[in-house]
Amino acid sequence: MEQRMDPTQSGVAVSQGLRGVREAARREKGLRFTALLHHVNERLLLDSFYLLKKEAAPGVDDRTWKEYEQGVEVRISDLHGRVHRGAYRAQASRRVYIPKTDGRQRPLGIAALEDKIVQQAVATVLNQIYEEDFLGFSYGFRAGRGAHGALDALTAAIMTKKVSWVLDADIRGFFDNISHEKLIELLGVRIADPRIIRLIQKWLKAGVSEDGQWSETKVGTPQGAVISPLLANIYLHYVLDQWLVEWRKKNATGDVVIVRYADDFVLGFQYRKEAERFLEQMRERLGEYRLELHSDKTRLIQFGRFAAEDRKREGKGKPETFDFLGFTHICGTIHKSGKFTIHRKTTGKRLTAKLRSIGTELRRRLHRPVAETGNWLTRVVRGYYQYHAVPGNLPRLETFRQQIARHWRFTLRRRSQRSRWTWERFQPLFSQYLPRPSILHPYPLARFRAKHPR
């Protein structure tokens, strides 16, 4: 019989049976689920297909979303049968590289289309369990949560708690170094359905294909795979989050706060000695799970409401800054009252990288119609503002707009050796296609308190 389906925030239809799974996970934190695969039915697989990005690059199967949509019901029925008979085989991920802000290349793994569908369906099932387990300071890749929620929470924590030291931590190559054995062990805390575990093992061991050459993957989970963010959250939930809560109860005498977005996290401490002790023990904890901190990117800095005063008294200059989710965080004061606040501005590396990518695309569009390029730039600029237009960041946004104008005018002048694109002639285009920035986000404390009135 068809089970009644209700929509979730992500758009996936969740059956009453899955709602029962979530309620059981909420009631019994130690419950292990022995029968989950039957929830991966044809309806859930079809919904998972329609959640995928239509224009995403194909994997090693060269199958696009639009091609698969032709006769999709028959294809999904066949896929469902193979998954439940055990005949489904995961394919290797296609390796591609995207540039990082520091000039290096980040490897991504593009899964085959049917792997994406099954991964999305399994993630929907597992989320019913782990959303009841994940802790409040975990923000990455979770329904109803996002980067700005994490940024708000971090500002609220530093400004309302007794934070004098900030630990800016970075795990070296996290996604590439997740231990398969440890991950399966941690999944076993909640998942006792061997068929679900076998599916996850198939994806982990499918390998990668680069320039037609297949290579085995003994560690790590591919960045870009649909299931990877959830697996990463599960790994760090046990390795870091739960362990931190216990450490705080047993060892801390002062305030300790944390905000985590996937493998990017920041901690605040009241006392320096506790921060140093925690850092040393965290290194050991991560080492037990085959992870290590990046020595050059992990820093303990003096930061908080008394940092400027303390450092001035010690003759150390201004407090250091730290970066989190694309913003540099700076100790500051409110102009009128002189009270402590945190200023945020777009990190220089991220701004430079974005301008570089826009410049490259403008050169590629050198001979396109001006109006077409202008409309594209309008979308790019508005999209950039949507994320970065936070209070206090207006000067950086104006710099971004001015630099795009400079890149665009330079590109237009290259179209002819006798270019007449003077600034006077270019100004109307500048005003028409590059909207002026304005603040789109409320102050972080105001938004955080509205979402969390307690």
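The second largest pocket of this predicted model holds about 620 Å³ of space; a pocket here is an open set of points on a 1 Å grid over the protein atoms alone, where a 1.4 Å probe fits, with protein on both sides within 12 Å along at least five of seven lines. Its lining comprises 19 residues, with Gly136, Phe137, Tyr139, Ile258 and Phe448 nearest the centre; lining residues have an atom within 4 Å of a point. Helix α6 (147–160) and strand β8 (256–261) are the elements that each give two or more residues to this lining. By class, 11 of the lining residues are nonpolar, three polar and five charged, with Tyr counted as nonpolar and Gly as polar.

An open sheet elsewhere in the description has four strands in the order β4-β3-β6-β7, with mixed pairing; strands are DSSP runs of E, at least two residues long, and two of them pair if DSSP finds at least two bridges between them. Its edges are β4 (105–110) and β7 (213–215), each pairing on one side only. Strand β3 (residues 93–99) runs antiparallel to β4 and is joined to it by six bridges. Within this pair, Arg95 stands opposite Gly109 of β4.

At the start of α2, a side-chain oxygen of Asn41 reaches to within 3.3 Å of the backbone nitrogen of Arg43.

Residues are numbered from 1 along each chain as its sequence is written. Local features need pLDDT of at least 70, side-chain atom pairs count only at pLDDT 80 or more, totals for chains, interfaces and linings use all residues, and side-chain values use heavy atoms, leaving out hydrogens and water.

Terms used. A polar contact is a pair of N or O atoms within 3.5 Å; within protein, one must be able to donate a hydrogen and the other to accept it, and residues adjacent in sequence count only if both atoms are side-chain atoms. Grid points are joined across faces, edges and corners, and a volume is the space filled by probe spheres set on the points.
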